[in-house]
Amino acid sequence: MARKIIIDTDPGQDDAVAILLALASPELRVLGITAVAGNVPLALTQLNARKIVELAGRTDVPVFAGCDSPLARGLVTAEHVHGKTGLDGIDLPDPTLALQARHGVDFIIDTLRGEPAGTVTLVPIGPLTNIASAFRRAPDIVGRVERIVLMGGAYFEVGNITPAAEFNIHVDPEAAKIVFAAGVPLVVLPLDATHKALTSRGWVETMRALPGRCGQAVAGWTDSFERFDKDKYGNQGAPLHDPCTIAWLLRPALFVGREINVEIETRGEFTTGMTVADWWRVSGRPANALFINDLGRDGLFDLLSERIARLP
Ligand code: BDR
Ligand code: CA
């Protein structure tokens with residue numbers, strides 16, 4: 001039976017590839033997509049989510065708008081990485097798929113209450129505002145979540161938006177603190193792993209050569225996204241951060257990590273949004289996350305190629 005997931009997202013080119021990977025995978029049933037403010041404001045992330053679903057020909061998947069700002073701070077965005085639209089790299093038509101009327105947080109709560117306990121996995125690939133809001137408003141749903149598989153944080157790789165913090169956690173550290181403390185089985189795909197998920201020129205050209213429109217889109221997004229990392233890190237290739245979450249669900253054997261304690265810094269002078277990962281288990285604090293630090297790059301990109309080729 002397919003695993004039921006909700007993708008919580010701020011698309012984002014790498015979010016878009018993650019959504020396509022999920023929609024192309026029969027092992028997963030995407031119950032809905034909830035948009036959150038992050039890479040760009042909510043008005044754009046919910047629009048982008050609808051464009052992506054429509055591109056994949058999957059207008060049966062409902063898209064909801066969630067929170068438009070972090071729990072306790074002003075929104076920080078990342079147009080410098082993702083472009084003005086959040087999805088620069090290819091022009092997609094305005095979607096015909098309507099935004100759902102229900103708030104994204106209500107959808108998360110209602111779904112977790114409506115489905116049998118322990119059968120819905122949450123896949124947050126943006127700031128954790130929607131998930132934390134749902135947990136705060138409806139504490140009864142926390143114990144019903146099967147697992148959370150999120151992209152966020154960094155430890156040995158340190159930060160990409162501040163010297164200490166990764167973007168998704170930095171944008172809403174109070175939300176991250178709630179999620180990491182919730183007691184839900186948690187898989188964390190931090191920069192330590194996702195910076196190894198770098199596209200190659202050959203792979204991008206394989207995507208471009210696919211007969212379908214989704215392959216073209218992945219190539220266009222990746223080209224646009226790559227520019228930033230090349231300037232910043234000198235890397236060839238774009239890191240496909242967010243698809244690592246879906247790939248973990250499909251092929252966990254491609255990933256290596258440790259069950260450790262991870263705390264979120266919310267009051268640091270220079271370190272707010274840092275994921276304080278007790279990699280060496282020196283704190284005595286109980287493990288609350290499987291923190292991934294390595295992945296099999298070739299297997300990941302083979303999986304992506306095989307799945308994206310199935311899409312229109
Ligand atoms: C994360 O931040 C966003 O810019 C990406 O979509 C990814 O979720 C990487 O730090
Ligand atoms: Ca994202």
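Q: Why does Asp242 count as buried?
A: Buried means under 20% relative accessible area, exposed over 50% and partly exposed in between (1.4 Å probe, protein chains only); Asp242 has 2% relative accessibility and therefore counts as buried. Asp10, at 0% relative accessibility, counts as buried too. This is a predicted model, in which local features need pLDDT of at least 70 and side-chain atom pairs count only at pLDDT 80 or more, while totals for chains, interfaces and linings use all residues. Residues are numbered from 1 along each chain as its sequence is written, chains are lettered from A and ligands numbered from 1 in the order in which they are written, and side-chain values use heavy atoms, with hydrogens and water left out.

Q: Why is α11 described as largely enclosed by the rest of the structure?
A: Eight of the eight residues of α11 are buried, which is why the helix is described as largely enclosed by the rest of the structure. The buried residues of α11 include Pro243, Cys244 and Trp248.

Q: What makes the aromatic pair of Phe64 and Phe107 stacked or edge-to-face?
A: Rings of Phe, Tyr and Trp (its six-membered ring) pair if their centres lie within 6.5 Å, and planes under 30 degrees apart count as stacked, over 60 as edge-to-face and the rest as tilted. The structure holds six aromatic pairs. Phe64 and Phe107 form one that is stacked, at 4.0 Å centre to centre with 15° between the planes. The pair links distant parts of the chain, with Phe64 in strand β3 (residues 63–65) and Phe107 in helix α4 (residues 104–114), 43 residues apart. Phe64 and Phe107 are both buried.

Q: How do you know whether the aromatic pair of Phe156 and Trp279 is stacked or edge-to-face?
A: Phe156 and Trp279 lie 6.0 Å centre to centre with 90° between the planes, and the pair is edge-to-face. Phe156 is in the loop between β5 (145–151) and α6 (167–171), and Trp279 in the loop between β9 (275–277) and β10 (289–295), 123 residues apart. Trp279 has 7% relative accessibility and therefore counts as buried. Ring pairs link Phe156 and Trp279 with Tyr155, Trp280 and Phe291 into a cluster.

Q: Why is Pro163 exposed?
A: The relative accessible area of Pro163 is 71%, and Pro163 is therefore exposed. Pro163 lies in the loop between β5 and α6.

How values were computed
Helices (H or I, at least four residues) and strands (E, at least two) are DSSP runs, numbered from the N terminus.
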